[in-house]
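Hello,

Here is the structure I promised to pass on. Please open it first, then read my notes below.

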Amino acid sequence: MRSERDEEFGGLAWPSISHEEHPWAADAEPGTSRRQRLLARGPYEAAIPAEIASLDPQVDSRTQSLVEAATVEMVRFDAELGQESAPFAALLLRSESASSSQIENLTAGARKILLAQLGDRSSPNAALIASNVDAMEAAIALSEDLSVQNIGAMHHTLLASSDQVIAGEYRASQVWIRGNSPHSAEFVPPHHGRVMAAMEDLVEFMRRDDIPALTQAALAHAQFETIHPFADGNGRTGRAIVSALLRAKGVTEKVTIPVSSGLLTNTRLYFDSLGDYRQGNILPIIVRFAESSMLAVENGRLLAEDIRTAQKEFVAKIGSAQKSVLKVLELLPREPAITAEMAADYAKVSQATAYRAVQRLEAAGVLTPAGKVRGVSVWLARDIIAALDDFAARSGRRIRH
């Protein structure tokens, strides 16, 4: 029977998952009720994802126009930043990482994330989000070769600091999404014996050049989430793949479009569209990514304007200053949490000169001391951090300070 969503998005035009039965012999978890133990007995059904490497996605004219408009906006935004792209690239990548983590209910304010990137481990969530920043950087660096091995490398970067046992390792056991067992789960991904073949098929699909990049990225993401190839971290890795594909296909050249910030505006639609994909309806996930991309660009433009405003205010505060001070000031949009060593490396001056420059910026109210991380003094550019938190608030992301 066709659902209302099928009617809205034009019905089924992609092979849906099928299922296969597998035996289940695991003991029930401690504390489960008798009813739950009874429900968890016997064989279960795991998904069999369709092979998509050679499929041609068919979309209606409305969706095609939306994809084209979103792609044009992303290309335009990437070009708009021009010579300013270097500092904004770091901020937008950090924003994408934080938004993607929030979809997995990992929340932290920009201040804690920045301190975590310097080694502070007082906030577990911020530390995990900082690892996601590293994973995003790895994804962009590996975007020209999205192989099964390199996707594993992205995952390793994501989880190396929190779970070295599974970091970078494709799963060797059955997993399921929600529920106490695969019998009561919301979704049961493929049996682990099918994971590698499914990933090879996905990589072949991603290497094609005859599909609009945003459509390809949305479908690749949905297929990746359906395969669920890792024991944990699939959502964040899958969204990093989207950014990598957009870079590989030339949609972006300088910056990362924080598409996850757009997905955050309505996560229910996002998760529903993944379910639609598994039923063979590809249009909702494509529409969701196109709409999210345009929302992300709009939000990114506001962030860029906030940063430019902060930079002008910084210059006004310091007035005339030595070259070393101006050089450290240039670093702040890229790295709003700095140490004297970071300032020295960027400005190419001695650490003593960098320290004096930092003190000058502190005296002018540009930088604020933030104590020490691992014994090293840290300063914050609070106006830049406020701009990042404002970006997050516009995305609907809850912030923990």
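Two residues are in contact when they have heavy atoms within 4.5 Å of each other. Take the contacts between residues at least 6 apart in sequence: 71% of them join residues at least 24 apart. Keep in mind that this is a predicted model.

Now the overall picture. The protein has 17 helices and five strands. Its C-alpha atoms fill a box of roughly 75 × 50 × 35 Å along the principal axes. Of the 401 residues, 54% are buried.

Next, the inside. The largest nonpolar core has 100 residues. Ile151 and Ile285 have the most contacts within this core. Helix α13, residues 283-318, gives the core its largest share, 13 residues. There is also a second, separate core of eight residues, with Ala98, Leu106, Ile129 and Ala130 among them.

What does Ile285 touch, leaving aside residues up to four places away in sequence? Its partners are Ala218, Leu219, Ala222, Tyr270, Ser273, Leu274 and Tyr277.

Last, a helix pair. Helix α14 covers residues 323-331, and helix α15 covers residues 340-347. They pack at about 105 degrees, with axes 9 Å apart. Angles from 65 to 115 degrees count as roughly perpendicular, so α14 and α15 are roughly perpendicular to each other. From α14, Lys327, Val328, Glu330 and Leu331 meet Met342, Ala343, Tyr346 and Ala347 of α15. That contact has six nonpolar residues, two charged ones and no polar ones.

Best wishes

Methods:
Residues numbered from 1 in each chain as written. Predicted model: local features only at pLDDT ≥ 70, side-chain atom pairs only at ≥ 80, totals over all residues. Heavy atoms only, no water. Core = buried A, V, L, I, M, F, W, Y, C linked by side-chain atoms within 4.5 Å. Buried < 20%, exposed > 50% of the residue type's maximum accessible area, 1.4 Å probe, protein only. Helix = DSSP H or I, 4+ residues; strand = E, 2+ residues; numbered from the N terminus. Axes fitted to C-alpha atoms, helices over the stretch in contact; angles between N-to-C directions. Parallel < 35°, antiparallel > 145°, perpendicular 65-115°, else oblique. Nonpolar A, V, L, I, M, F, W, Y, C, P; charged D, E, K, R; others polar.
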